[in-house]
Amino acid sequence: MNLDILSLEDKKLISHIPERYLTQKKIDNFILSRNEEIEKREILSSKPYHIVIETNNSCNLKCPLCPTGLGLSNRKKGKLSLQNFKNIIDIIKDETIELYLQNWGESTLIPYLPEMISYASSMNIWTNLSTNLSINYKNGYLDRLIESGLSHMIVDLDGTTQDVYEYYRVRGELRLVLDNIKRMVKAKSELGIEEPIIEAKMLVMRHNEHQISEFIKLAESLGVDKISTGTIQVNPNESMDWLPENDRYVYPTYSKTKASLTVLPSKTKKQCHWLWSGLVINFDGGISPCCIVEDEKADFGNVFDEDVLDIWNNNKYQTARSEFVSECQDDNLTICNVCKNNTHDSNLNRVGDSFSIML
């Protein structure tokens, strides 16, 4: 398999994926997808290669900038069954390059999550899990997770003291998170395995930015494989006070005042990558066009009613892509035609104080 034929930009998109996960069929589909994105095709011959599966939309925490934590979701609560997960994987396995196993819920609340990951891993799919890890796991759950074939695990560590950590991770216990990280690092070492890559990540906000250096020292002491900081996204009309003072950790499309928020004019509209690369499958089968859309009314279809690949080229997807292609097909406007890839636009409807947009 020759990856040298990929452009530098294309290589960057999949540079985090070890080559052993990349089959010729996946690379061929990826190249076709990238070409169709550049050509701005509305009907695609390529298939989505970046998949998010929301296995569970409940959470043990009450984070104040999350629709789930706020209790404002209009989607019923539930879990994706193991069999339904396997059925989805069977359909997407040949083209999927990366699979993310979380969105608006805490996936490790599912007792059979390790079995889900094992099945995806057996199909040679690179898997990513982001978790708060603030749970008192029983019956060797963390050992099963480490042994599942999981590729990459990100642990939310948004403070080095309980008072700072729980300011955002409401109901979370820092001691529990640290103990669980130590257990997983130890289990991985005893097994002598390279994966999962265990990453400690701090979402930098106004209340915790003073602890960045302490966070790095703490993460290093835990023996994790990777340490990172993240930028928070908020409702620009309600939640700007969460943004840190240090502009290094603030998206450039935000500003310190609502009045000066930047909204790109239509002539410089930036094409949305999601509509040509991937999608979100919710636990109930609903298809969201990207990970910032939680609103059930904005679904593009349901994988339990029709094939995900048929949904990929249905009227809603064609209409959404037309926003960035030519004159918009206004007969079936979607959340994408409202967003227009201006995700920080203060005029978009938000779910409470969260960044999530809704119709």
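User: Let's start with N337: where does it lie, and why does it count as buried?

Analyst: N337 lies in helix 13, residues 335–339 (helices are DSSP runs of H or I with at least four residues, strands are runs of E with at least two, both numbered from the N terminus). Its relative accessibility is 5%, and buried means under 20% relative accessible area, exposed over 50% and partly exposed in between, with a 1.4 Å probe and protein chains only. So N337 counts as buried. From N337 to I117 it's 220 residues in sequence and 34 Å in space, C-alpha to C-alpha.

User: Before we go on, what sort of model is this?

Analyst: It's a predicted model, where local features need pLDDT of at least 70, side-chain atom pairs count only at pLDDT 80 or more, and totals for chains, interfaces and linings use all residues. Residues are numbered from 1 along each chain as its sequence is written, and side-chain values use heavy atoms, with hydrogens and water left out.

User: What makes K340 partly exposed?

Analyst: K340 comes out at 31% relative accessibility, so it counts as partly exposed. K340 lies in the segment after helix 13 and has a positive phi of about 55 degrees, although it is not a glycine.

User: And K40, why is that one called partly exposed?

Analyst: Its value is 34% relative accessibility, so partly exposed is the label K40 gets. K40 is in the loop between helix 2 (24–38) and strand 1. Phi is positive here too, near 60 degrees, in a residue other than glycine.

User: How do you know that the length of helix 8 agrees with what it should be?

Analyst: The expected span is 1.5 Å times one less than the number of residues. Helix 8 has 18 residues (174–191), so it should span 26 Å, and its end C-alpha atoms are 26 Å apart, which agrees.

User: Which residues of helix 8 are buried, and what covers them?

Analyst: Among the buried ones are L174, L178, I181 and V185. What covers the buried residues includes helix 6 (141–146), strand 4 (152–156), helix 7 (162–168), strand 5 (197–204) and helix 9 (212–222), where contact means heavy atoms within 4.5 Å. Helix 8 is followed by G192, with a positive phi near 65 degrees.

User: What is the peptide bond from E195 to P196, cis or trans?

Analyst: It's cis, with omega near 10 degrees. P196 sits in the loop between helix 8 and strand 5.

User: What makes helix 4 and helix 5 roughly parallel?

Analyst: The axes of helix 4 (residues 82–92) and helix 5 (residues 113–122) come within 10 Å and cross at roughly 20 degrees. That makes helix 4 roughly parallel to helix 5. The axes are lines fitted to C-alpha atoms, for helices over the stretch in contact, with angles from 0 to 180 degrees between N-to-C directions. Under 35 degrees counts as roughly parallel, over 145 as roughly antiparallel, 65 to 115 as roughly perpendicular and the rest as oblique.

User: Which residues meet there?

Analyst: L82, F85, K86, I89 and D90 in helix 4 meet E115, M116, Y119 and A120 in helix 5. M116, Y119 and A120 are among the buried residues of helix 5, and its buried residues pack against helix 4, strand 2, strand 3 (126–131) and helix 6.

User: Now the sheet: why do strand 6 and strand 8 stand at the edges?

Analyst: The sheet is open, has eight strands in the order 6-5-4-3-2-1-7-8 and shows mixed pairing. Strand 6 and strand 8 (287–288) each have a single partner strand, so one side of each is left without a neighbour in the sheet. Two strands pair if DSSP finds at least two bridges between them.

User: How many bridges join strand 1 to strand 2, and how many join strand 1 to strand 7?

Analyst: Three bridges join strand 1 to strand 2 (residues 98–100), and the two run parallel. With strand 7 (residues 278–281) there are four, also in the parallel sense. I51 stands opposite L99, while I53 stands opposite I281.

User: Which way do the residues of strand 1 point?

Analyst: H50 and V52 point one way and I51 and I53 the other, all of them buried. In a regular strand the side chains alternate between the two faces of the sheet.

User: What makes strand 5 mostly covered?

Analyst: Six of its eight residues are buried.
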